[in-house]
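The following exercises are to be worked through with the sequence and the coordinates at hand. Each task is followed by a solution in steps.

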Amino acid sequence: MQPTLARVLWHIGFLAANLVAVYSLEYEIYPGLVDVATRSTPNPSSALQRHAYPLAWACYNVGVTVSRLSVNFVRIRQVGL
């Protein structure tokens, strides 16, 4: 059975919508939540509290880099088509 163009586009659209949702949530919600969490302490007493936002952002970016590098090592042969 040959997949029709409409079926192929449906699957591609579904995957594309998931990717758009992940990246938009990743880059819009995460920085906002970290910013709100770090500003909740009006007078931070430790260096960790004073630099919580840049440290969290750095850890987040290291994690994103590692996950994107893992694409070279993990192969997905078929994605539900």
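This is a predicted model: local features need pLDDT of at least 70, side-chain atom pairs count only at pLDDT 80 or more; totals for chains, interfaces and linings use all residues.

**Exercise 1. Search the whole structure for aromatic pairs and determine the geometry of what is found.**

Solution. The search returns one aromatic pair. Its members are tryptophan 57 and tyrosine 60, with ring centres 5.1 Å apart and planes at 25°. A pair of aromatic rings is described by the distance of the centres and the angle of the planes. The centres must lie within 6.5 Å, and planes under 30 degrees apart count as stacked; the pair is therefore stacked. As to sequence, both residues belong to helix H3 (residues 52–69), and because they are three residues apart, about one helical turn separates them.

**Exercise 2. Identify the residues of the nonpolar surface patch of about 390 Å², and characterise its tyrosines.**

Solution. The patch is made by Leu19, Val22, Tyr23 and Tyr27. Tyrosine 23 is located in helix H1, which spans residues 5–39, and tyrosine 27 is placed in helix H1 as well. Patch residues need over 30% relative accessible area. Tyrosine 23 has 36% and counts as partly exposed; tyrosine 27, at 40%, is also partly exposed. When residues up to four places away in sequence are left out, tyrosine 27 touches Tyr60 and Arg68. Tyr60, one of these contacts, is the tyrosine of the stacked pair in Exercise 2.

**Exercise 3. Describe the surroundings of alanine 56.**

Solution. Alanine 56 is part of helix H3. With a relative accessible area of 25%, alanine 56 is partly exposed. Leaving aside residues up to four places away in sequence, its contacts are Tyr30 and Val34. Between alanine 56 and valine 34 the sequence separation is 22 residues, whereas the C-alpha to C-alpha distance is 7.4 Å.

**Exercise 4. Summarise the fold elements and the surface of the protein chain.**

Solution. The chain contains three helices and zero strands, and from the N terminus the order is α-α-α. Of its 81 residues, 6% count as buried. The accessible surface amounts to about 7,000 Å², and carbon and sulfur atoms account for 69% of that area.

Key. Residues are numbered from 1 along each chain as its sequence is written. Side-chain values use heavy atoms; hydrogens and water are left out. Patches are made of residues with over 30% relative accessible area and no salt bridge: like charges are joined within 9 Å, nonpolar side chains (Val, Leu, Ile, Met, Phe, Trp, Tyr) within 5 Å. Accessible areas come from the Shrake-Rupley method with a 1.4 Å probe; for residues, only the protein chains shown count as cover. A salt bridge is a side-chain nitrogen of Lys or Arg within 4 Å of a carboxyl oxygen of Asp or Glu. Helices (H or I, at least four residues) and strands (E, at least two) are DSSP runs, numbered from the N terminus. Buried means under 20% relative accessible area, exposed over 50%, partly exposed in between (1.4 Å probe, protein chains only). Rings of Phe, Tyr and Trp (its six-membered ring) pair if their centres lie within 6.5 Å; planes under 30 degrees apart count as stacked, over 60 as edge-to-face and the rest as tilted. Contact means heavy atoms within 4.5 Å.
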